[in-house]
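Here's a quick tour for anyone about to look at this protein on screen. Have the sequence and the 3D view ready.

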Amino acid sequence: MPHISIKMYEGRTDAQKNEIVEVFTKELSRIIDREPEFITIEFNEIPIDDQAPANLKNKR
């Protein structure tokens with residue numbers, strides 16, 4: 001049961017998250033020789049704050 005937890009600022013699109021899931025799952029599956037259906041990915045989105053990159057602050 002490999003599990004990836006991704007912590008990032010909020011504001012990414014569903015398309016971006018789907019691509020992250022696809023790429024990370026494929027590569028982890030390849031590296032550890034485990035079927036993709038056993039790999040889970042969790043997104044922990046952090047609210048935009050003063051430490052966020054400028055490009056994300058502009059999307060508020």
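This is a predicted model: local features need pLDDT of at least 70, side-chain atom pairs count only at pLDDT 80 or more; totals for chains, interfaces and linings use all residues.

The protein chain averages a pLDDT of 93, and 97% of the residues score at least 70.

| Residue | Relative accessibility | Class |
|---|---|---|
| Thr25 | 12% | buried |
| Lys17 | 16% | buried |
| Asp33 | 71% | exposed |

Lys17 sits in helix 1. Why does Lys17 count as buried? Because its relative accessibility is 16%, and the cut-off for buried is under 20%. Setting aside neighbours within four places in sequence, Lys17 is in contact with Met8, Arg12, Phe43 and Glu45. Take Phe43: it is 26 residues from Lys17 along the chain, yet their C-alpha atoms are separated by 8.4 Å.

Thr25 is in helix 1 too. Which residues does Thr25 touch, not counting those up to four places away in sequence? They are Pro36, Ile39 and Ile41.

Now for Asp33, which is in the loop between helix 1 and strand 2 (40–46). At 71% relative accessibility, Asp33 counts as exposed. Its backbone is worth a look as well: phi of Asp33 is near 55°, a positive value in a residue other than glycine.

Methods: Residues are numbered from 1 along each chain as its sequence is written. Side-chain values use heavy atoms; hydrogens and water are left out. pLDDT is the predictor's confidence in each residue, from 0 to 100. Helices (H or I, at least four residues) and strands (E, at least two) are DSSP runs, numbered from the N terminus. Buried means under 20% relative accessible area, exposed over 50%, partly exposed in between (1.4 Å probe, protein chains only). Contact means heavy atoms within 4.5 Å.
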